[in-house]
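I would like to walk you slowly through one model, beginning with a few individual residues and ending with the packing of its helices.

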Amino acid sequence: MKKTMFKTMMSTLASVTFVALTALLVPAQAQAQAQDNGPVFELRTYTATPGNLDKLLTRFRDHTMALFEKHGMTNVGYWVPTDPEAAQNTLIYLLRHDSRAAANASWSAFGSDPAWAVVNEESNRDGAILQGVERRYLTATDFSQMK
């Protein structure tokens, strides 16, 4: 009787463990699939070197946005913070990609585009205009207005 009870308990424990692990893994799998199969957004924050935000904004306005579109990236929006300190050196923008793989392919093509090399060289002729870059990939929630 003790052996039967022990086997039943072990079987139940194994079933509960399987259900619990499945519940934990499914959201991670769904998120990974969303990144591979659905649109992803890329939030980027650029910090300009002192006194060069205008040059950075001009580069985006006159060249970079068109190059992004050429390489399959969708320009969603561009912002400068309202905080007085950050407003002097920060550009924040959002791109849309068909998938994370598409984002990687687009950035690779953009980086090797000879037109970008010319723009980058010209904009940095008097010294680097970009101090730092932060990027984060995002997927839209099911209730998001933007998908």
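Let me begin with a definition: a residue is called buried under 20% relative accessible area, exposed over 50%, and partly exposed in between, with a 1.4 Å probe and protein chains only. What you see is a predicted model, in which local features need pLDDT of at least 70 and side-chain atom pairs count only at pLDDT 80 or more, while totals for chains, interfaces and linings use all residues. Residues are numbered from 1 along each chain as its sequence is written, and side-chain values use heavy atoms, with hydrogens and water left out.

Is I92 buried, exposed or partly exposed? With a relative accessible area of 24%, I92 is partly exposed, and it lies in strand β3, where strands (E, at least two residues) and helices (H or I, at least four) are DSSP runs numbered from the N terminus. Leaving aside neighbours within four places in sequence, I92 is in contact, meaning heavy atoms within 4.5 Å, with L43, R44, T45, G77, Y78, W79 and P81. Of these, Y78 is 14 residues from I92 along the chain, and their C-alpha atoms are separated by 5.8 Å.

Moving on to the loop between β3 and α3, we find D98 there, and this residue is exposed, with a relative accessible area of 54%. Not counting residues up to four places away in sequence, D98 touches N37, G38 and P39; the C-alpha atoms of D98 and G38 are 6.1 Å apart, although the two are 60 residues apart in sequence.

Now to the interior. A nonpolar core here is a set of buried Ala, Val, Leu, Ile, Met, Phe, Trp, Tyr and Cys residues joined through side-chain atoms within 4.5 Å. The largest one has 20 residues, of which L56, F68, L91, Y93 and W107 touch the most other members. Helix α2 gives the largest share of this core, six residues. F68 touches, among others beyond four places in sequence, F60, M73, Y93, W107 and F110.

Finally, how do α2 and α4 pack? Helix α2 (residues 53-70) and helix α4 (residues 114-123) meet at an angle of about 160°, with their axes 10 Å apart, the axes being lines fitted to C-alpha atoms over the stretch in contact, and angles running from 0 to 180 degrees between N-to-C directions. That makes α2 roughly antiparallel to α4, a word used for angles over 145 degrees. On the α2 side R59, H63, T64 and L67 take part, and they meet A115, W116, V119, N120 and S123 in α4.

Conventions
Parallel < 35°, antiparallel > 145°, perpendicular 65-115°, else oblique.
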